[in-house]
Amino acid sequence: MRIRLFILACLAVLSAHANPVDQMLERIDKGASRKFKTELVKSDKDFFELDQSGARVVVRGNTWVNIATGVNWYLKYHAGIHLSWNGMTATLPATLPPVTVRERHETDLTLRYDFNYCTFSYSMAFWDWERWQQEIDWMALHGINMPLAIVGEECVWRNMLLKLGYSEEEVGRFIAGPAFLAWWEMNNLEGWGGPLPTSWYVRQEQLQKRILARMKQWGMHPVLPGYAGMVPHDAREKMGLDVADAGLWNGFQRPANLLPTDPRFGEVANLYYQELTRLFGKADYYSIDPFHEMGDDSSIDYAEAALALLGAMTRANPDAVWVVQGWTENPRQQVLDALPTDRLLVLDLFSECRPMWGAPSVWHRPQGYGDHPWLFCLLENFGANVGLHGRIDQLIDNYRLARTHPLGKHLKGFGFTMEGSENNPVMFELMSELPWRELSVTREQWLKDYVRARYGSDDPDVQEAWRILGATIYNCPVGNNQQGPHESIFCSRPSLNSFQSSSWSKMRNYYDPDDTRRAALLMASAAERHRGNNNFEYDLVDITRQALADQARVQYQHVVADYKAFARKAFEKGAQRFLQMLDMQDQLLGTRREFRVGTRLAQARRCGTTAAESDLYEWNARVQVTTWGNRYCADTGGLRDYAHKEWQGMLSDFYGLRWRTYFLTLSREMDRLSRPDPSMLGTGDNSRKTADELFQMALPQEVKIDWYAIEEPWTLSHDAYSPQPQGDPVDMAKKAVGEFLRD
C-alpha cells in the first residue's frame, strides 16, 4: 500500500510539472502533441508567436496560457479547426499546414477573467471532472488566466457554521441546493433547493481540489470566494451578532449582513478564511460582493464595512486583491473612496451594453471607478437562455472606446461574465481575440474569417447567411438594453399579449424575423456540402431553431388576431399550425445533445449516491429552468421562466402543455360566448351592471388559468428523458425549412 501511495504521489508531482499544452493537445486528438513544438519564453510582454521547425508547428509564448492561445489561433486561422463548447476534440491532419511567415501577437491586457457567479448554477451546477477538464482547456485556448473558482464554497460554510454552534439541520436550512447555490453565495436567499446531503460536500470538495490543481498547472490565478459579511438571517438570535436585516429577495428570505462594528466581526471573518485556506489554499484574488442587489441602508457605513472586509482578506493573504462586480449600485462610491487602488479590481460586468466605467450608458458613471483598475467584460447571456444574440458592433466600438478613452488608462484586461455558457460561441470568440488584434478590426472582415475558421471552408452561401446574421440578430443596436437572447415565443407563459418569456429580459424587437429565415434557408441549401461537419451541424440546428421560433412568433400574432376577431375556423387552423411548429422544433432540437433536456437531467442524477439524492438533484434542475421557485416566486416574485430553455423534451411536455391548454381554453371560451347567457335575460348579477360594464364584458377577455398548478407537476416528476440524440440534424433541419420556412 505504501509503495502504491508513493507511486501515486510521484505521478502527481510529475503531472504538476508536465507541459499542460501537450496534455491538452492529446485530449484534443491523440498524437497531436507530436505535431507541435511549444517554447516557454521569458518576456515582460504577454505574447504568443507562431513559427515552423521542420514538419512541426512552433508556438512560443511567455506563459502556458498564452501558448495555448497561440495553438488555438493556429488551429482556427491556419488549419481551419475551431474548438468550441459544442466540440472540444478534432481530427488533425497527418501533416499540419506550415506557418510560412512567423506571426506574433501581443497584448498589454494581462488579466483575463472568466465566469459570473450565476454561471456556476445555470450552466455548471452538475458538472463532473471530465466536463470541468474540457472547460479548463477551453479557458486556456481563449487566454483566460484568472477564472472565478467557487466550486465547494458550501463546504467552507458548513465547516464554519458547525464551529459557530449551528447544527447540521440548521446548516441544511441555510445553504441552498445545487441549482441555487449562486444566489445563496450572493446573499440573495437561504436554503432553497436543499438540504444538501453529506455526500454532496464530499463530492464538491474533491472536485474543487482537482479544478484548482489543474488551473495552477496552467499558471492561472483562481479567484476564490472571499468573505462578504453574510451570516444566517437568525444570527442575532442564534449568536447575538449585530446584523443588518436584508429582508426578502423575490419572496425568499435573504441572509443577514454582519455589521463590521460588531466585536465578533473579525472572529467570524477569520474563521471563514481559515476554513477556506485549509480546504483550498490561499489565492492572489478573492471575489467579494457585499450588499449585492440591495438598496442603500442608512444604518450601514459602507466605507467602514469595506475596510473591515479588506482587513479580513489581507489577514488571510497580505498580498491579495479584492475582485468586485461592477453591477447596478456596486461598488458604491464610499467603497471606492475608502480602498487603496492596488487592493481593488472592478469587473465592469456588462461592458458591451451598459458600461459603468465612464462610457455613455444607462448606467453611466461620469468618473467610472476613479483610479481603481478594472476589466472590460462581456456578459452576453442571462439565465443560460437558448437563442441567437449578440452586439458585435457595440462590443467592438465599446472596446475601442475603452482603449482610447482617458478613463481607460486603468483598464487591465477583459472578462467573460455570462450568466450561462455553452451558447453563441461567435461572441466569446470575438471578445477573446480583441486584445490580440488591431483596434481597426471590423465586423464584416472578422466574421468572414470566423466563418472560414469555424467550418474549415469558405462556402459563399454560408458566408452570406452569417453576413445576414451579423448585421441583424447579432447586431443588437445601441439603446436596446434587453438582457440576453431574443426569446422564443414557445417558452412564454401563454396570454393574449405574450412577448418575452422571462420577466426580466427587457426584450425589444430589433430585427425582421425574415432575416433569420433567410439565413436558415442559406444554411440548409449548403447542408449537404457540410454533412458530418460538427460545427456546421450545430449551427445549422441553432440557426434553424431561431428562424422557426421567430416565424412562430408571427404565427402566434395571427392566432391572437383570429381569436379577437372571433374567426373560429381560422383560429383553430392557426393554433394547430403553431403547435405543429412547436412539435417540429422539439424534433429538430432532439438531434443534438446540447439541446436535449435529458442531457441536463442526466448530469444532475449522476451526482447522487442514492436514488433519493438523485431525485433531489433532478428536482433542482427541473425547478431552476421552469418556475425557479415556489408559487410566490413563480407568480409574484418575478423569476418564473427566467432560466427558460428551448430544449427537446421541455418543448413537448412543458411548454407544449401550456400552449395546448391555452388554445383549448380559448376555444372553449368562444364556445361559451357563442351561446346565450342566461344571466342576460333579466336575472343574475349581469342584470344590475351598467351599460359601460356590459360593453367591457363584450370585449375579448384574458382567460384565467392557474399556470403554476400546470407547471409544478413537471418539476416533481421523474419521467425519463434521454440525452442521446435522435434523428439526423441535416435531415431534420431541411424538413423544418421545407415545412415552415419556405416562402
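**The pockets and their surroundings**

The largest pocket has a volume of about 950 Å³. This is a predicted model, and the values given here are computed from it. The lining of the largest pocket is made up of 39 residues. Nearest the centre of the pocket lie Arg-131, Glu-422, Glu-594, Thr-599 and Gln-603. Sorted by class, the lining holds 13 nonpolar, 13 polar and 13 charged residues.

The second largest pocket has a volume of about 470 Å³. It is lined by 25 residues, and Glu-293, Trp-327, Glu-419, Trp-504 and Tyr-642 are the closest to its centre. By class, 14 of its lining residues are nonpolar, seven are polar and four are charged.

Next come the sheets. An open sheet of eight strands runs in the order β6-β5-β17-β16-β15-β14-β13-β7, and its pairing is parallel. At the edges are β6 (146-147) and β7 (223-225), each of which pairs on one side only. Within this sheet, β5 (residues 111-114) and β17 (residues 411-416) pair in the parallel sense over four bridges. In that pairing, Tyr-113 stands opposite Gly-415 in β17.

The loop between β5 and α4 (119-122) contains Phe-115. Phe-115 is not a glycine, yet its phi is positive, near 95°. Is Phe-115 buried or exposed? Its relative accessible area is 1%, which is under 20%, so Phe-115 counts as buried.

Another open sheet has four strands in the order β1-β3-β2-β4, with mixed pairing. Its edge strands are β1 (36-40) and β4 (103-107), and each pairs on one side only. On average, neighbouring strands of this sheet are turned by 15° against each other, direction ignored. Helix α3 (residues 64-77) packs on the sheet and touches β1, β2, β3 and β4. The direction of α3 makes about 55° with that of β2. Strands β2 (residues 46-53) and β3 (residues 56-61) pair in the antiparallel sense over six bridges. One of the residues involved is Phe-48, whose bridge partner in β3 is Gly-61.

Thr-63 sits in the loop between β3 and α3. With a relative accessible area of 27%, Thr-63 lies between the limits of 20% and 50% and is therefore partly exposed. Thr-63 and Asn-475 are 412 residues apart in sequence, and their C-alpha atoms are 34 Å apart in space.

The loop between α8 (181-185) and α9 (198-217) holds Pro-195, and the peptide bond from Gly-194 to Pro-195 is cis, with omega near 0°. Asn-187 also lies in the loop between α8 and α9. Although Asn-187 is not a glycine, it has a positive phi of about 70°. Asn-187 has a relative accessible area of 5%, so this residue is buried under the 20% limit.

A cis peptide bond is also found from Asn-330 to Pro-331, with omega near -10°. Pro-331 is placed in the loop between β14 (321-326) and α13 (333-338). Strand β14 is one of the strands in the sheet of eight.

Methods: Residues numbered from 1 in each chain as written. Predicted model: local features only at pLDDT ≥ 70, side-chain atom pairs only at ≥ 80, totals over all residues. Heavy atoms only, no water. Pairing = 2+ DSSP bridges. Helix = DSSP H or I, 4+ residues; strand = E, 2+ residues; numbered from the N terminus. Axes fitted to C-alpha atoms, helices over the stretch in contact; angles between N-to-C directions. Contact = heavy atoms within 4.5 Å. 1 Å grid on protein atoms, 1.4 Å probe; cavity = no way out; pocket = protein on both sides within 12 Å on 5 of 7 lines; lining within 4 Å. Points joined across faces, edges and corners; volume = space filled by probe spheres on them. Nonpolar A, V, L, I, M, F, W, Y, C, P; charged D, E, K, R; others polar. Buried < 20%, exposed > 50% of the residue type's maximum accessible area, 1.4 Å probe, protein only.
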